[in-house]
Amino acid sequence: MVREKRRDVLGEGALFGEAIGDLGGGWSLTLGGRLFATRSEASSRAAMTTTGAEATFRDARSYVGFAPKVVMSFAPSAATLIYVQAAEGYRSGGFNTAVIPTQTFDTAGGEPQRHYDGDELWSYEAGAKGAWVDGRLRLRAAAFLASWRNIQSDQLLPSGLPYTANLGDGRNVGLEFEGSYVHEGLRLDASFLLNHPELETVNAAFPGRKDLGLAGVPQGSVSLAANYERPVGEGWRASLDVRAAYVGRSRLSFDGATAPSMGGYATTRVAARLRSERLSLGLAVDNLFDGAGDTFAYGNPFTLKLSPQSTPQRPRTISLEIRAQY
């Protein structure tokens, strides 16, 4: 039997602010940022009761950084906005410990390392949004680039226990769109997202593959929704809601040897409701076509590299709801 007692202490302080300046002619500039300092301490004692083997660890690391934000926007009219923005995010590093006392760290050019570094994400976006037809039609479109440096990721030791590694650098270029239209009792919504995730450089000690992209990032997704509501008789209203969405395929992890795919499934929902001021009756069907797509290719870390795992969609579900207010 093995056991580990670990204690983590994290101290963090930050100063942040944002200022918006009107440049005239519909132009504005936003400048902001976050100055932060963190100190992370970890202590661990791992013991094997059967052999008496024991390992202890204690260390601390400090980080100081600044994460800026810049937004330039132009409003040619009260209903239209065009913008570009850039912002940075930062995550502190930390320490790997293990339940098994004989676990080796800091091998030359290998993983796991006792310390892992912080990672940094720069996001750039340019887009426009506007409203037309007396505000009934609203659209937003944007192009973006996310540049992720020194990526932190949780991985598994041969024992099935987790550790954290810095895998390399990656980026994601994409397009997104959102639109809605409202007229009397009808509302229509649509959105889509296109991604082109890439793993640009790979830690030589980690079996990552550039062709796998970024873990958990599908190449595309789309959703559609329609809702219609109208009065039916005195004091009653009826509504019908229909929704469908598709989530593209992605990879579970960055591991080039075991990177199962997931996604590639559609979700659907149809719901009808009849309500008054005090009473509400609802009937809904989820997963109308009884799909069984893999929403998450993970379950048991100790057998992940030995057999396929999946989290299928919830089967077709029919629900009836009755509510009363007194």
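I began with burial, and found that buried residues, meaning those under 20% relative accessible area with a 1.4 Å probe and protein chains only, make up 31% of the 326 residues in the chain. I noted that this is a predicted model, in which local features need pLDDT of at least 70 and side-chain atom pairs count only at pLDDT 80 or more, while totals for chains, interfaces and linings use all residues. I also noted that residues are numbered from 1 along each chain as its sequence is written, and that side-chain values use heavy atoms, with hydrogens and water left out.

**Overall form.** I looked up the secondary structure, which comes to zero helices and 19 strands; these are DSSP runs numbered from the N terminus, where a helix (H or I) needs at least four residues and a strand (E) at least two. The C-alpha trace spans about 80 × 55 × 45 Å along its principal axes. I then read off a radius of gyration of 26 Å, whereas a compact globule of 326 residues would have one near 20 Å; the radius is taken over C-alpha atoms, and the globule rule is 2.2 Å times the number of residues to the power 0.38.

**Cores.** I found that the largest nonpolar core has eight residues, namely I151, L157, Y163, A165, L167, L199, L214 and F254. A second, separate core has five residues, including L156, L252, M262 and L304. Such a core is a set of buried Ala, Val, Leu, Ile, Met, Phe, Trp, Tyr and Cys residues joined through side-chain atoms within 4.5 Å.

**L121.** I placed L121 in strand β7, residues 119-132, and saw that it is partly exposed, with a relative accessible area of 37%; partly exposed lies between the buried limit and the exposed class, which is over 50%. Leaving aside residues up to four places away in sequence, L121 touches A87, E88, G89, A146, S147 and W148, where contact means heavy atoms within 4.5 Å. L121 and Y90 are 31 residues apart in sequence, yet their C-alpha atoms are 6.3 Å apart in space.

**Backbone details.** I checked the peptide bond from E111 to P112, which is cis with omega near 5°, and P112 sits in the loop between β5 (94-95) and β6 (115-116). N150, in the loop between β8 (137-149) and β9 (152-156), has a positive phi of about 60° although it is not a glycine, and N150 is partly exposed at 26% relative accessible area. N287 has a positive phi of about 55° and is not a glycine either, but N287 counts as buried, at 9% relative accessibility.
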